[in-house]
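Here are some friendly notes to read alongside the model.

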Amino acid sequence: MKHELSIAEVLSQVEKTVQPHFGKGRPADYIPELQRVDPRKFGMAVKMVSGAEYVVGDADEPFSAQSVTKLFALGIALNRIGDEVWTRVGKEPSGTPFNFLSQLEHEGGLPRNPFINAGALAVTDMLMRVAKRSDALVRDYMGFLAQSSLTIDEDVAASEVETAHKNRAIANLMKGAGTITHDVEAVIAAYCRQCAITISCRDLARAALPLAAGGFSPVVEETVFPERLARRLNALMLTCGLYDSVGSFAYRVGLPAKSGVGGGIVAVIPGQATIAVWSPELDRFGTSVVGFAALEAFSQITNCSVL
Ligand SMILES: NC(=O)CC[C@H](N)C(=O)O
């Protein structure tokens with residue numbers, strides 16, 4: 001990062017820059033419980049590999065992590081199951097919305113990547129071999145990395161299970177193709193509970209820090225996964241982390257990142273820091289409008305892009 005301002009000054013400048021973007025998006029409405037959140041919330045946290053931490057706004061308020069959890073679920077799967085994961089899910093960008101169905105059928109029930117819903121459901125199915133409660137496994141892993149105790153929002157989980165019609169269609173298609181082995185309802189329940197994990201920006205930036213530090217966690221003070229895995233997760237985020245808007249994100253921000261429909265985005269500056277941002281109003285791709293704008297402003301001011 002090359003800039004003249006302190007990170008604290010950068011964050012307050014970013015907060016000012018994003019103000020005109022409020023009101024441009026809408027909180028996720030297909031999961032009814034997510035609409036209860038105040039749309040004007042905004043929080044951001046930067047955690048440096050050196051240990052320093054900077055926050056602005058609602059950075060300590062837990063929000064629904066949603067698809068951001070897919071990053072950690074994949075990390076566990078690659079750590080515990082290894083390359084066998086890639087027999088059930090690909091590594092290519094999908095160019096389609098996160099819950100797109102016809103591409104999956106066209107490609108024989110093999111999801112394009114682990115971050116679209118189909119791929120994440122396949123990862124959940126694999127994690128169910130590792131732990132009886134795969135959602136608790138992911139929650140506890142994220143909590144361990146953040147050194148914080150995280151919870152699953154039962155109301156959000158129930159709301160999503162009730163309305164997961166599209167995800168059920170995806171899971172049924174994969175069950176028919178053999179990509180999913182467990183009972184479809186059990187996989188849906190575990191997946192929805194995983195998505196309902198809540199985390200604050202401060203904890204999310206801490207949890208992702210090994211991705212910026214070659215697998216070492218300055219928070220836990222130990223190596224939590226191999227350097228190779230950190231590189232691979234960053235590569236997948238850069239190419240697949242924001243679904244069908246991953247190209248514009250790379251163009252405007254230039255950092256590996258993972259978004260979720262709760263309005264959270266986590267981004268990695270390899271070798272330097274992680275950034276977590278949260279604001280509930282989404283664009284049509286399911287990405288936080290204000291979060292995207294905040295990361296764009298941050299990368300422009302600090303010149304931290306990897307590209
Ligand atoms: N992009 C997202 O955050 C999607 C996650 C959400 N739980 C879903 O399955 O639809």
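**Notes on the sheets and the ligand site**

1. Strand β1 is largely enclosed by the rest of the structure, because five of its six residues are buried. Buried here means that 20 or more other C-beta atoms lie within 10 Å of a residue's own, exposed means 12 or fewer, and partly exposed is in between, with C-beta atoms placed from the backbone. Helices (H or I, at least four residues) and strands (E, at least two) are DSSP runs numbered from the N terminus.

2. A word on the source before going further. This is a predicted model, in which local features need pLDDT of at least 70 and side-chain atom pairs count only at pLDDT 80 or more, while totals for chains, interfaces and linings use all residues. Residues are numbered from 1 along each chain as its sequence is written.

3. β1 belongs to an open sheet of five strands, ordered β2-β1-β10-β9-β8 and paired antiparallel. The edges are taken by β2 (53-57) and β8 (257-259), each with a single partner strand, so one side of each has no neighbour in the sheet. From one strand to the next the twist averages 10°. Strands count as paired if DSSP finds at least two bridges between them. Axes are lines fitted to C-alpha atoms, for helices over the stretch in contact, and angles run from 0 to 180 degrees between N-to-C directions.

4. Now the partners of β1. With β10 (residues 273-278), β1 (residues 43-48) runs antiparallel and is joined by six bridges.

5. What about β10? Six of its six residues are buried, so β10 is largely enclosed by the rest of the structure. In a regular strand the side chains alternate between the two faces of the sheet. Both faces of β10 are covered, with A273, I275 and V277 buried on one side and T274, A276 and W278 buried on the other. β10 also pairs with β9 (residues 264-269) over six bridges in the antiparallel sense, and I265 stands opposite V277. In the β9-β10 hairpin, three residues lie between the strands and G271 takes a positive phi near 80°.

6. A second open sheet has three strands in the order β3-β5-β4, with antiparallel pairing. β3 and β4 (151-152) are its edge strands, each with a single partner, so one side of each is left without a neighbour in the sheet. Helix α5 (residues 134-146) packs on this sheet and touches β4 and β5, its direction making about 10° with that of β5. Contact means that the C-beta atoms of two residues, placed from the backbone, lie within 7 Å. Two bridges join β3 to β5 (residues 197-199), and F63 has I199 as its bridge partner.

7. Which residues are around the ligand? They are Q66, S67, F98, N99, N117, E160, N167, C195, G260, V261 and G286, where being near a molecule means a C-beta atom, placed from the backbone, within 6 Å of it. By class, the shell has three nonpolar, seven polar and one charged residues. Ala, Val, Leu, Ile, Met, Phe, Trp, Tyr, Cys and Pro count as nonpolar, Asp, Glu, Lys and Arg as charged, and the others, Gly among them, as polar.

8. An unreviewed UniProt entry places "binding site" at S67, N117, E160, N167, Y191, Y243 and V261. UniProt positions follow the numbering used here, feature names are shortened, and annotations may be inferred rather than shown by experiment.

9. Two of these sites deserve a look. S67 sits in the loop between β3 (63-64) and α2 (69-80) and counts as buried because it has 26 C-beta neighbours inside 10 Å. Beyond four places in sequence, its contacts include F98, C195 and V261. Y243 lies in the loop between α10 (227-240) and α11 (246-252), and its 24 C-beta neighbours inside 10 Å make it buried too. Its contacts, again beyond four places in sequence, include F98, F285 and G286.
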